Amino acid sequence: MLVLASSSPRRKELLSQIGCKFVCRPSSCEELTFRDEPNPQKLVMQNAILKAKASVDNHHKDEIILGSDTVVALDNKIYGKPKDDNDAFCMLKNLSGKTHQVCTGIALIKNGKIFSDVCTTDVTMKNLSDEEILNYIKTKEPQDKAGAYAIQGLASIFIEKINGCYFNVVGLPLNCLYNLCKKADVDL
Ligand SMILES: Cc1cn([C@H]2C[C@H](O)[C@@H](COP(=O)(O)OP(=O)(O)OP(=O)(O)O)O2)c(=O)[nH]c1=O
């Protein structure tokens, strides 16, 4: 049985979309921040492993656990979920008119063995006026999203271009996950 170590409704939807049978077991763990690991790819991979490890149930050693973590990276800065509306404003103001990277780390634990990978997508956002940012923040969509936007939601109108996996931006790179499962001999 596959266990999705996540409370993200997006990850749940994406995994359901490919017909995978799984249970959700969100865990709470102390995640690393950019202060611990300034490299976004390494950061998300380590956090994905931490999340997966926190959901391991030692009574069910046959379970396969999937953890994941998404951040937005631009100009040597890493953006997670905004703390508040001000934080969301600053993030969107910085992302405006630029191309940033969205990195998602995924980690599978099978029989105590860890398999992990990371996927990166370039996302180009249009120039945003302060009014557009403020109106968007009012919708509350930015609150629980890395980089304070949801490509799959209202922010879709702000996205000029993407290069790479779309599902990675939403929180679960499906092709990357499929490849990792093959490596770990896990049947999705
Ligand atoms: C950039 C972007 C992020 N996101 C989401 C994906 C992730 O759910 C979230 C980043 O936060 P994460 O900390 O990666 O995940 P989470 O807290 O939502 O869930 P969990 O730790 O329990 O697995 O941002 C979008 O939904 N759309 C987007 O366009």
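This is a predicted model: local features need pLDDT of at least 70, side-chain atom pairs count only at pLDDT 80 or more; totals for chains, interfaces and linings use all residues.

Student: Which residues are closest to the ligand?

Tutor: A residue is near a molecule if its C-beta atom, placed from the backbone, lies within 6 Å of it. Here 24 residues surround the ligand, and the closest are S6, S7, S8, I151 and G171. The elements giving two or more residues to this shell are α1 (9–17), β3 (64–74) and α5 (166–170). The most come from β3, with 4 residues.

Student: How are helices and strands assigned?

Tutor: They are DSSP runs, numbered from the N terminus: helices are H or I with at least four residues, strands are E with at least two.

Student: Is C20 buried, exposed or partly exposed, and why?

Tutor: A residue is buried if 20 or more other C-beta atoms lie within 10 Å of its own, exposed if 12 or fewer, and partly exposed in between, with C-beta atoms placed from the backbone. C20 has 16 such neighbours, so C20 counts as partly exposed. C20 lies in the loop between α1 and β2 (22–24).

Student: And how many C-beta neighbours does K83 have inside 10 Å?

Tutor: K83 has 11, and therefore counts as exposed. K83 sits in the loop between β4 (77–79) and α3 (85–95).

Student: What should the 15 residues of helix α2 span?

Tutor: The expected span of a helix is 1.5 Å times one less than its number of residues. For α2 (residues 40–54) that gives 21 Å, and the end C-alpha atoms are 21 Å apart, which agrees. The buried residues of α2 include L43, V44, I49 and A52. The buried residues of this helix pack against β3, β4, β5 (99–110) and β6 (113–125).

Student: Which way do β3 and β5 run, parallel or antiparallel?

Tutor: Two strands pair if DSSP finds at least two bridges between them. β3 and β5 run antiparallel, joined by 10 bridges. I64 stands opposite K110 in β5. β5 also pairs with β6 in the antiparallel sense, over 12 bridges. A107 has S116 in β6 as its bridge partner.

Student: What is found in the hairpin of β5 and β6?

Tutor: The hairpin has 2 residues between the strands, and N111 there takes a positive phi near 50°.

Technical notes: Residues are numbered from 1 along each chain as its sequence is written. Two residues are in contact if their C-beta atoms, placed from the backbone, lie within 7 Å.
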